[in-house]
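Hello,

I am handing over a structure for you to look at. My notes on the cavities and aromatic pairs follow it.

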Amino acid sequence: MPVATCLTQGIRTWAAMALAAGLLLACGQDTAGPPLLNWYVFDEPSGAFAEAARRCGTASQGAYRVALKPLPADADQQREQLVRRLAARDGDIDIIGLDVIWTAEFAQAGWILPWPVELAERVREGRLQAVMESATYQGRLWAVPFTTNSQLLWYRTDRVPQPPETWDQMIELAESLGEQGTIQAQGERYEGLTVFFVSLLASAGGAVLDRHGEDVALADAPTRKALRILHRLAESPAADPALASAREDQARLAFEAGGSSFMVNYTYVWPSARANAPEVARHLGWARWPAVEPGRPSRVTLGGINLGVGSFSRHPELALRAAACIASPENQRLAAERGGLPPTTAALYDDPGVRATFPFAELLRKTLRNAVQRPRTPLYNDVSLAISRTLHPLAEIDPERDARRLRE
């Protein structure tokens, strides 16, 4: 074959390969327009997250766009999906809606980036201290707090003139009310049971791990007090017969049915009751989560979503900017008013729009200021499983025996 013909065919082959490679790149990275940042987060139904993403893309003046990538509703499934992809060094994950319990694990594994000092100082301004602690590991900030939450005590004002201050008082009062005195709580073997125990333990002055998160604490007296209350509730006629399989939503639905007088649950139950059970909502009161001991205020476990940046993002600096924008006070207000998700900036609890959404805003802010973190360790998933497996079912708890079993 003549050399010229060979060269011509070679050039054509190279051009075809280059064109194919370019098409593949375009398909994979969406090269048209500004860089597209993928935000992986739970599928928020109100549209508040989508609107925040749109706002920040517009405010960037063409620097980036943000696309929502919905994660499963179940937190364990969210974590599993993210862990698999990050362990494979997936560069498509730019911004991550992190459950507050994932910070230590994801940071230790090298799956999220630490925030630069200057930007970290900016996002700390005005935020509640407890929510900042949830995004901190080994002295560094790994995410920006976006939304938060904590449980309150919900009760029927037409049956209970004054809310009880302690668990023992509530159980006794519920028993005196008979069939209408049922207490709704979370007793299934899952993360909600761990949250229940951690809140009781902290309210009794104890902790699961030491302050470094390296050694088991579980001091004997606070641990036994927490276990005694769990067992007493489960054995009480005031407990729902379905306690051993109850999660937050089962508790909400049972309370909305009208046969219960008390419930420990998150703030989403307020708009739910107004929409689904207006007669119940008309008599729905709120109070601080019950204390373990008289005179010692309860400390309740913190929840919420923090925004981290994936370590393998192709646009890490833009992703940090976008995460800070999404978690701004303006978008926190949007998530609160439209989605019912409490903000992480303290001053927003004085905002008229937020107070209209959360008439219990002051109580919630006080609760959050004294909130307790779940054990901050890269091994949190194992710690939580050990707690829920040891304590389920609640009716079979023996405080003396199970305090030892937990430590072991």
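A cavity here is a set of points, on a 1 Å grid over the protein atoms alone, where a 1.4 Å probe fits but cannot get out. The model is predicted, so local features need pLDDT of at least 70 and side-chain atom pairs count only at pLDDT 80 or more, while totals for chains, interfaces and linings use all residues. Residues are numbered from 1 along each chain as its sequence is written, and side-chain values use heavy atoms, with hydrogens and water left out.

There is one cavity of 30 Å³ or more. The largest cavity holds about 90 Å³ of space, a volume being the space filled by probe spheres set on the grid points, which are joined across faces, edges and corners. Its lining (residues with an atom within 4 Å of a point) includes V100, I101, R374 and Y380. By type, the lining has six nonpolar residues (Ala, Val, Leu, Ile, Met, Phe, Trp, Tyr, Cys, Pro), two charged (Asp, Glu, Lys, Arg) and four polar (the others, Gly among them).

Rings of Phe, Tyr and Trp (its six-membered ring) pair if their centres lie within 6.5 Å; planes under 30 degrees apart are stacked, over 60 edge-to-face and the rest tilted. The count is 15 aromatic pairs. One of them is W154 with F360, edge-to-face at 5.2 Å centre to centre and 90° between the planes. W154 counts as buried because its relative accessibility is 0% (buried is under 20% relative accessible area, exposed over 50%, partly exposed in between, with a 1.4 Å probe and protein chains only). W154, W270, W286, F358 and F360 form one aromatic cluster.

Regards

Conventions: 1 Å grid on protein atoms, 1.4 Å probe; cavity = no way out; pocket = protein on both sides within 12 Å on 5 of 7 lines; lining within 4 Å.
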